[in-house]
Amino acid sequence: MLFWQILVDGFAISSLYALGATGFALIFGVSGVLNLSHGALMVTAVVAAWAAGNDLHVGAYAGAALGVGVGLVATLFTYFLIVRPLQQTRKIREEEKEIFILTATLLWGIMIQELIAYLYTNNAKTVAPIVEGVVRIAGVRTPTNEIFTAVVCWLVIGILWLLVNRTRAGKAVLAASMNPRGVTLLGVELAHVYIAVWAIYGILVGVAGVLLGMFLGVSSYSVGPLTASAFSIVVLGGLGSVSGALIAAYVVGYLETITAYLISPAYRTIPALLLLVAVMYVSPRGLLGRR
Amino acid sequence: MGSLSTSRILLIGLAAVVLASFLPLWASGYILGLLTLAYYFGVFAMAWDLLFGFAGEVNFGPTFLIGTGAYTAGILDNLYQPPIWMCLVAGALAAVAGGVVLALPALRVRGPYFGLTTLVAVLMLQNFIVVDASLTGGEIGLTVPDVISISDAINYLIALWFMAMSGAILFALSRSPVGLILQASGQDAVQAGALGFNVTKHKLTAFIISAFFSGLAGALLIFYLGSASVGTLVDITVGVQIIIAAVVGGRRTILGAVLGAVFLIAMSEALRPLGDLSNFVVFAMALVVVLLFPSGFFGLLTRAREPS
Amino acid sequence: MKKPAAHGASASRLGLLSTSAAIFAFALATPGYAQSNTPIKIAVIAEAQAVAGSSIPQAAQLAADEINAAGGVDGRKIEIISYDNHSSAAESVRAFQRAATEDHVNAVIASYISEVVLALEPWTGRLKTVMVTPGAASDVITQNIAKDYNNLKYTFHGYSTSTSIADATCDAAKELLVKDLHFKSAVVMSEDAAWTTPLDAEYLKCLPQIGLKVIDHIRVSPDTTDFTPIYNKIEGEKPDVMITGISHVGVQPTVQWKQQEVPIPMFGISSQATNSSFWQDTNGAVEGVLYGAFSGPGVAVTPKTLPFVAAFNKRYGNNPSYCGYTAYDEVYYIADAIKRAGSTEPDKLVDALEKTDWVGAIGRIQFKGKDSPNPHALKIGPDTITGLMLQWQDGKQVNLWPANVANGKLKFPKFVKLGAAN
């Protein structure tokens, strides 16, 4: 019974982690940016969906769509306002840009967090779920919403895979993540690739955020932990490797669930952190890293 | 990008510190209290700059070293009540031990990977403090029976001169050959090693020095505040504020970190009438500095005085 | 139901009290020996961004405006100075220092978080500034006063201690769960925080006394986002009820309880549920949750309760959270104490506050004396303050206990299986 419970609960949370981390890994792979406002963007999507339901009284679908839309806009805003100016500036030496982007996105994330707390209090928000009720899977009473979450996560990841592997634009993105300079030789405008990747990332962030808002709910305090969890999953999987991030998401998700069930929910994140440190000692590039 | 000579900067710094020593004659206790806090934060930020700016280590966990020093001193005072200086020494030594622990992964992993390790270190320390509540006071925080002084002026002067001495030592170190080697190994460890420098030894030194000042400042801070808590000394948001102070003040300048710390604390106080929005505005201003003046306040100041 | 009779009884009990209240109100309104026209400054240090905390400055301002409209205190107006502490102990200490040494306030109303109040407590002595907390609950606050009365006498506990809150919950459980529903077992689920340590200790003592066997005692980290494992564990232990002690968490455990259709009722302390916006915050998932409080909308604990709630709602568009009621009362009895002391001098103000006998929105307020193990804690009992047990039903907070002020009946959502364990 306990085994099935862990299997079912762990799957939903892991799928959500996978979706959140995929976008994070993607932009690192393509543009070398570690976006520390990741959690803040997810929370923005949740709060937008929540506010749409509560203040504008729109339905669950419209609210969710609005949340994803706002997540996308906020992400593009982050790119054009923070990341791109830093990438293009001549005031900072190339090798220091990474550090400046880390600091600037961190600051940006905290600003979003403060603004959300100011406008909507720091209380946790939950998005009205699209599906309600429970079903039994192998004897485990599972909220239908949990299944919905897992299905949508994999649907989005599947579409992303098709996009990257089956379309011309996708192949350009893939190529850019392997060798940015080589792509320009092929006549692909790198700037367009970057914008496309950030837009994809924005949609992934929005969907992951809204699903999280329906499933567990978030508050402005979740900004830091959400960024940290995406960061550790991506590092564990190997920076820049999307498939590594997917595997790592399940490793972390299940490790957390097992700990929460078998030891105590209070220690939920500890074993995953220890594993992370251990993996980095043995193989500093993570599970499937290539940089 | 030219910069002032070491001795001239130290001289200007000394003059500023001497001037600041006369502040208690007219400033209110409240202003002194704020600056006391800002000075300790300045030391945290300078110690962090030595590691990050010079040794090139992305350290997200300055509070691991600070918290280790502060809590060691506080717990010792709570258990045995030795003279305060012994608690301070113990705190600084414990932080140095923590620095060595942190240095081990740093010698193996780089960049974001090391950054994450430091984040994990903070989370671990935080968990230990919360779980082992009987010793550390847990969520409530640790109250120490002794404080150095209840006089605002004395606390202010201690903080000021402690900051001045730490700043002088760290600054001199950064401009010495050791600092140059650190900088070289931070940028390209392999090349620095090939040139015959012992990268490991220098990095370890940087960690130990950074840890020593962080821990000592942390221990001094709790004997000023009279209490230690996760929220004031260990939490990741505290670490973020230290990083912001160092970057806004001017990275790789050591002394700029103090300007950044004073700026952060003064602004959040000056903007208090804005109410809930004050933090937002402070962070927005910091972001503008990062985006438009990446060399920070110190960079702006030194460049403005430079004729070239 | 013999509700009218019960109402009559309570009205006559409170009738006496309201007379004394009227005298005080009269005394306040009469301009007496005006010492000066400088305003009386009261600092409010609160969690303005948190749902529960946001009511504190609002309710305090409401009280101050009412007092000022009635002529102030001996002709002196009351001025509220608000500081947002961002739920941080360090920011609170800074705000307190600023309030005392820079803004020269005469008293401070501070925070609903026990950790914050405990951090501020030593400063009340160091800066000789009176502080009253509207919402922190830890018993340690007043235990500290007993240990070091001369230094810490400036601290007053304007809200019930955790131990008293647990006792009130047990009293309600005895009536509603044991007597009416024949419940036999419980699991205690509390968040890991300073205020729940004495709360849980008292739960574990009083629940068996009323006939509820405590099967398990679970402390949840306040950082918990996923309560699924906790609920599954509790369900596996088959208790009749979950006895809660939550304040920092609220939305997430409530929403997940509903979403996972956990068949066990939630009963106990859920501070966020006291706020009227909680229905919206949880998309209605709070339906059926029972929570203890000392006040509630529509419950006339004293003749002042309903007018306060109406005035608050009119001005801010929602009902006050639990610490809104206490903050409102605090401004009034601080003003009353200053009036009686004839001075804002801290030691005289402490003496006057110790003699407080004030009927406010939550009941009759009196503080325990210097020789009690909890000096400056509120006196709890039928003559002073009694707890309530409310339940969310169809978007409304309905009071179920005690019977004399009840305005509804116990009702659970379908997925809650009563006595499933038996």
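**Note on the predicted assembly of chains A, B and C**

1. The contact between chains B and A draws on 29 residues from chain B and 31 residues from chain A. On the side of chain B that touches chain A, the elements giving two or more residues are α5 (111-131), α12 (236-249) and α14 (278-292) of chain B. Sorted by class, that side of chain B has 23 nonpolar, four polar and two charged residues. It should be kept in mind throughout that this is a predicted model.

2. The contact between chains C and A takes 25 residues from chain C and 23 residues from chain A. Here α9 (228-236), α10 (251-259) and α11 (278-281) of chain C each supply at least two residues of the side of chain C that touches chain A. By class, this side of chain C has seven nonpolar, 14 polar and four charged residues, and these counts may be read beside the 23 nonpolar, four polar and two charged residues with which chain B touches chain A.

3. Chain A holds 11 helices and two strands, and from the N terminus on its elements follow the order α-α-α-α-β-β-α-α-α-α-α-α-α. A compact globule of 291 residues would have a radius of gyration near 19 Å, and chain A, with 19 Å, agrees with that expectation. Taken along the principal axes, the box filled by the C-alpha atoms of chain A is roughly 55 × 50 × 35 Å. Of the 291 residues in chain A, 59% are buried; among contacts in this chain between residues at least 6 apart in sequence, 75% join residues at least 24 apart.

4. For helix α1 (residues 2-31) of chain A, 30 residues at 1.5 Å a residue should span 44 Å, and the end C-alpha atoms lie 43 Å apart, which agrees. The helix α1(A) is mostly covered, with 25 of its 30 residues buried, and Gly32(A), which follows α1(A), has a positive phi near 70°.

5. After α9(A) comes Gly238(A), whose phi is positive, near 105°.

6. Chain B contains 15 helices and two strands. Its radius of gyration is 19 Å, close to the 19 Å that the globule rule gives for 308 residues, so chain B is as compact as a globular protein of that length. The C-alpha trace of chain B spans about 50 × 45 × 35 Å along its principal axes, and buried residues account for 56% of the 308 residues in the chain. Among the contacts in chain B between residues at least 6 apart in sequence, 78% join residues at least 24 apart.

7. Arg8(B) lies in helix α1 (residues 6-21) of chain B. Arg8(B) counts as exposed because 12 other C-beta atoms lie within 10 Å, and the limit for an exposed residue is 12 or fewer. Between Arg8(B) and Ile148(B) there are 140 residues of separation in sequence and 34 Å in space, C-alpha to C-alpha.

8. The largest nonpolar core has 351 residues, and those with the most contacts inside it are Val46(A), Leu107(A), Val234(A), Ile42(C), Ala60(C), Val108(C) and Val331(C). The largest share of this core, 18 residues, comes from helix α2 (residues 29-54) of chain B. Leaving aside neighbours within four places in sequence, Ile42(C) is in contact with residues including Ala60(C), Ile78(C), Ile80(C), Val105(C), Asn106(C), Val331(C) and Ile334(C).

9. In chain C, strand β13 (residues 388-393) and β14(C) run antiparallel and are joined by five bridges. The two strands form a hairpin with two residues between them, and Asp394(C) in the turn has a positive phi of about 50°. Gln391(C) stands opposite Val398(C) in β14(C). Strand β14 (residues 396-401) of chain C is mostly covered, five of its six residues being buried.

Note on methods: Residues are numbered from 1 along each chain as its sequence is written. Chains are lettered from A and ligands numbered from 1 in the order in which they are written. This is a predicted model: local features need pLDDT of at least 70, side-chain atom pairs count only at pLDDT 80 or more; totals for chains, interfaces and linings use all residues. Helices (H or I, at least four residues) and strands (E, at least two) are DSSP runs, numbered from the N terminus. The radius of gyration is taken over C-alpha atoms; the globule rule is 2.2 Å times the number of residues to the power 0.38. A residue is buried if 20 or more other C-beta atoms lie within 10 Å of its own, exposed if 12 or fewer, and partly exposed in between; C-beta atoms are placed from the backbone. Two residues are in contact if their C-beta atoms, placed from the backbone, lie within 7 Å. Ala, Val, Leu, Ile, Met, Phe, Trp, Tyr, Cys and Pro count as nonpolar, Asp, Glu, Lys and Arg as charged, and the others, Gly among them, as polar. The expected span of a helix is 1.5 Å times one less than its number of residues. A nonpolar core is a set of buried Ala, Val, Leu, Ile, Met, Phe, Trp, Tyr and Cys residues joined through C-beta atoms within 7 Å. Two strands pair if DSSP finds at least two bridges between them.
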